[in-house]
Amino acid sequence: MSVEKTLSIIKPDAVKRDLTGKIIAMFEEKGLRVVAQKKILLSKEQAGSFYAVHRDRPFFDELCEFMSSGPIVVQVLQGSNAIDLNRQIMGATNPEQAETGTIRREFALSMTENSAHGSDSAETARDEINFFFSGLEVLQF
Ligand code: GDP
């Protein structure tokens, strides 16, 4: 399997509860390395432009409100099959449907406050990494 990069976000509900270290450990245990990382606070408008693909969905306003409600940790994870592996480690969008041992099953509070984001395809990963990071901020090795 090829080495990939993917965008991961530790969402405000998890940062607020000091779960950042535990979540990063879950990625590292499965072979994903952090090659870029920063803690930032998005405005509601910036959250809206990141989630623009969902702009017509009924949950869009609540999602943007939540994503700008506190600091997030945005990071680039690298490893073999990183895009799918990140999503497996996160678990299903709805925490009630997420498998035991996944981030969302262990930590999520609700469908909106579900602790983590991960890119869902190679194209999305490239666009989402470029949304948050310049080339110089991403470790190349
Ligand atoms: P993901 O790739 O698993 O994060 O899911 P999506 O890309 O479909 O949705 C983006 C985010 O919007 C999710 O992580 C949830 O926080 C939120 N979301 C998605 N679907 C719903 C929904 O039906 N209700 C609510 N309240 N939030 C949702």
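These legends walk you through a few close-up views of a predicted model and its ligand.

**View 1. Zoom in on the ligand's oxygen atoms.** In the side chain of Thr93, a polar atom sits 2.6 Å from a ligand oxygen. With His54, the side chain is again the part to look at: one of its N or O atoms is 3.1 Å from an oxygen of the ligand. For Met111, look at the backbone instead, where a polar atom lies 3.1 Å from a ligand oxygen. As for the ligand's surface, it has 540 Å² of accessible area on its own, and the protein covers 79% of that.

**View 2. Step back to the largest pocket.** Where is the ligand in all this? It takes up the space of the largest pocket, which holds about 600 Å³. The lining is made of 23 residues, and those closest to the pocket's centre are Tyr51, His54, Phe59, Leu63 and His117.

**View 3. See which elements build the lining.** Four to pick out are α3 (44-50), α5 (82-90), β4 (116-118) and α7 (122-132), the elements that each give two or more residues to the lining of the largest pocket. Which one gives the most? That's β4, with 3 residues. By type, the lining of this pocket splits into 9 nonpolar, 8 polar and 6 charged residues.

Conventions:
Residues numbered from 1 in each chain as written. Predicted model: local features only at pLDDT ≥ 70, side-chain atom pairs only at ≥ 80, totals over all residues. Heavy atoms only, no water. Polar contact = N/O pair within 3.5 Å; in protein donor to acceptor, adjacent residues only side chain to side chain. Areas by Shrake-Rupley, 256 points an atom, 1.4 Å probe, with all protein chains shown as cover. 1 Å grid on protein atoms, 1.4 Å probe; cavity = no way out; pocket = protein on both sides within 12 Å on 5 of 7 lines; lining within 4 Å. Sits in = over half its atoms within 2 Å of the grid points. Points joined across faces, edges and corners; volume = space filled by probe spheres on them. Nonpolar A, V, L, I, M, F, W, Y, C, P; charged D, E, K, R; others polar.
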